[in-house]
Amino acid sequence: MTQELLRVEKLVKYFDAGRGRRVHAVDGVSFSLAQGETLGLVGESGCGKSTLGRTIIKLLVPDAGSVHLSGQNLSDLSDQQVKLFRREAQMIFQDPFASLNPRSTVGRAIEEPLIVHGLGDRRERVARVYWLLERVGLPPDAAHRYPHEFSGGQRQRIGIARALALNPKLIVCDEPVSALDVSVRAQVLNLLADLRDELGLSYLFISHDLSVVQHFCDRVAVMYLGRIVELAPRKTLWQQPLHPYTRALLEAAPLPDPTRRRGRRQLLQGEIPSPIDPPTGCHFHSRCPHRIEKCETVVPPLVSRADGHQVACHLADEFDTSKQKGSHVQAH
């Protein structure tokens, strides 16, 4: 059995919106991540994906719930222990240029985590920087240049090298390829996959690009307005989506083959509600074409089903064709 690396339990993060109001950015999220696994996190812009990632690695302080890494409850850490935790978990940001200091050379940017944590002498740190640059596909002389001298794809490779400097176990990838050209995306994704296999890394991979998630992730969590509404192995999610929101996301994704034609698609209507005043009950009920009265008042729990499939929907059985086929066989 694969060892669990990360466990998130009922995590909550609110932001003060003034006048006694709060932005419900992360609203009771729970999931786990195994060693060496990649979990994709998808959903519309503003659903709380990036906030969840930043809260997990303690760039933001949660308002409730807990995060456990390698069995350690991160809320119990002292300041010194938080510093040690930084060796275990790192982040790759969406905008590689904004995440790098324009006044620091690339070598200094990669070396800085080693200096902060007191790892190695000057010669050992420089050797580590050169090794990391080579590992992400950049020449050693890149260490003496500045971020503006590189392309977007090269800057993201620098960000990856910096994230690897301390040998972390977990890396939160916050839209790491969304700002890159399509041709460069494949190169960076292949690099991340090679590093995962070589170093045994675990990724929380945040993205709005379903085609990238389908290619890169082992499991996928679908987030809507601060909550996870469905979580399943990648193949299962694409073949048997059980939440109306997941079904709508998959139907809205463009087909890469122009000769293929879809049947009638069920597209989402209306705008995503404000996270300051989210709907009662199921957050999705105001846009759901299948809603019933119960959806408006009762929060559906994230229920585990067969084969590691979890869904938070009162009507999940109606969308489960495997159950319907089983019932059909029994009836005959």
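**Cysteines and sheet**

Modeller: Happy to; let me begin with Cys-47, which is buried, with a relative accessible area of 1%. Please keep in mind that this is a predicted model.

Colleague: How far from Cys-47 is the nearest cysteine sulfur?

Modeller: A disulfide needs two cysteine sulfur atoms within 2.5 Å, and Cys-47 is in none. Its nearest cysteine sulfur belongs to Cys-282, at a distance of 14 Å.

Colleague: And Cys-173, is that residue buried or exposed?

Modeller: Cys-173 is in no disulfide either, with the sulfur of Cys-217, the nearest one, 8.9 Å away. Buried means under 20% relative accessible area. Cys-173 has 0%, so this residue is buried.

Colleague: How many disulfides does the count come to?

Modeller: The cut-off for a sulfur pair is 2.5 Å. By that rule the count is zero.

Colleague: On to the sheet: which are its edge strands?

Modeller: The sheet is open and has eight strands with mixed pairing, in the order S6-S7-S8-S3-S9-S10-S12-S11. An edge strand here pairs on one side only, which holds for S6 (89–92) and S11 (303–304).

Colleague: Which residue in S9 stands opposite Val-42?

Modeller: S3 (residues 38–42) and S9 (residues 219–224) run parallel, joined by four bridges. Opposite Val-42 you will find Val-222.

Colleague: What angle does the direction of helix H6 make with that of S8?

Modeller: Helix H1 (residues 49–56) packs on the sheet, and its direction makes about 150° with that of S8. Helix H6 (residues 182–199) also packs on the sheet, touching S3, S6 and S8. For H6 and S8, the angle is about 155°.

Conventions. Residues numbered from 1 in each chain as written. Predicted model: local features only at pLDDT ≥ 70, side-chain atom pairs only at ≥ 80, totals over all residues. Heavy atoms only, no water. Buried < 20%, exposed > 50% of the residue type's maximum accessible area, 1.4 Å probe, protein only. Pairing = 2+ DSSP bridges. Helix = DSSP H or I, 4+ residues; strand = E, 2+ residues; numbered from the N terminus. Contact = heavy atoms within 4.5 Å. Axes fitted to C-alpha atoms, helices over the stretch in contact; angles between N-to-C directions.
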